[in-house]
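Student: I've got a model open on my screen and would like to talk through its pockets and helices. Can we go through it together?

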Amino acid sequence: MSLKQKLTDDMKAAMKAGEKDRLATIRLINAALKQKEVDERIELDDAAVLAVLEKMVKQRKDSISQYEGAGRADLAAVEKAEMAIIQAYLPAQLSEAEIDAAIQAAIAEANAGTGPAAMGKVMGVLKPKLAGKADMGLVSQRLKAALAG
């Protein structure tokens with residue numbers, strides 16, 4: 001079953017169960033997916049759906065930090081609840097040790113050497129492998145540290 005179909009099925013289940021918050025969040029996800037499909041005139045596959053979900057999680061994280069900085073715990077709580085529902089559709093996140101192992105394998109695979117110049121080559125190898133499985137900001141930080149030696 002595709003991720004889009006799972007979202008549709010979960011939306012129907014949330015409607016039947018009367019889960020208003022979950023239903024609203026799944027509708028937000030479906031709206032974002034539909035918008036992307038219309039804008040780009042394509043049918044989204046699971047990888048593209050994951051990219052949209054990751055973007056939505058990142059937006060929620062940014063909103064949470066801004067709301068907490070402004071002392072709006074009520075709005076931050078709403079964003080955290082939405083983020084938890086969205087993250088349920090993402091694959092399990094890799095541990096830092098697994099990320100480090102993937103970075104070492106990618107450095108070897110790309111024959112990139114060390115230093116900042118190798119960053120682009122290695123990220124080009126890592127991004128498709130870790131998309132949806134790890135926070136790419138964290139991957140980038142850990143890669144910089146690994147390349148710096």
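**Pockets and helix packing**

Tutor: Let's start with the second largest pocket, where helix 3 gives the most to the lining, with five residues. This is a predicted model, with pLDDT of at least 70 needed for local features and 80 or more for side-chain atom pairs, while totals for chains, interfaces and linings use all residues. Residues are numbered from 1 along each chain as its sequence is written, and side-chain values use heavy atoms, leaving out hydrogens and water.

Student: Which residues line that second largest pocket, and which elements give two or more of them?

Tutor: A pocket here is an open set of points on a 1 Å grid over the protein atoms alone, where a 1.4 Å probe fits, with protein on both sides within 12 Å along at least five of seven lines; lining residues have an atom within 4 Å of a point. The lining is Ala32, Lys36, Ala51, Val52, Lys55, Met56 and Gln59. The elements giving two or more residues are helix 2 (20-40) and helix 3.

Student: And which element gives the most to the lining of the largest pocket?

Tutor: That pocket has a volume of about 560 Å³, counted as the space filled by probe spheres set on grid points joined across faces, edges and corners. Its lining has 22 residues, with Glu54, Gly132, Ala134, Asp135 and Met136 nearest the centre. Two or more residues come from each of helix 3 (46-69), helix 6 (119-130) and helix 7 (136-148). With nine residues, the top contributor is helix 3.

Student: How many helices and strands does the chain have?

Tutor: Helices (H or I, at least four residues) and strands (E, at least two) are DSSP runs, numbered from the N terminus. Along the sequence the pattern reads α-α-α-α-α-α-α. The count is zero strands and seven helices.

Student: How are helix 6 and helix 7 oriented to each other?

Tutor: Their axes, lines fitted to C-alpha atoms over the stretch in contact, with angles from 0 to 180 degrees between N-to-C directions, come within 11 Å and cross at roughly 140°. Under 35 degrees counts as roughly parallel, over 145 as roughly antiparallel, 65 to 115 as roughly perpendicular and the rest as oblique. Helix 6 and helix 7 are therefore oblique.

Student: Which residues of helix 7 make the contact?

Tutor: Contact means heavy atoms within 4.5 Å. Helix 6 brings Met119, Val122, Met123, Leu126, Lys127 and Leu130. From helix 7 come Met136, Val139, Ser140, Leu143, Lys144 and Leu147.
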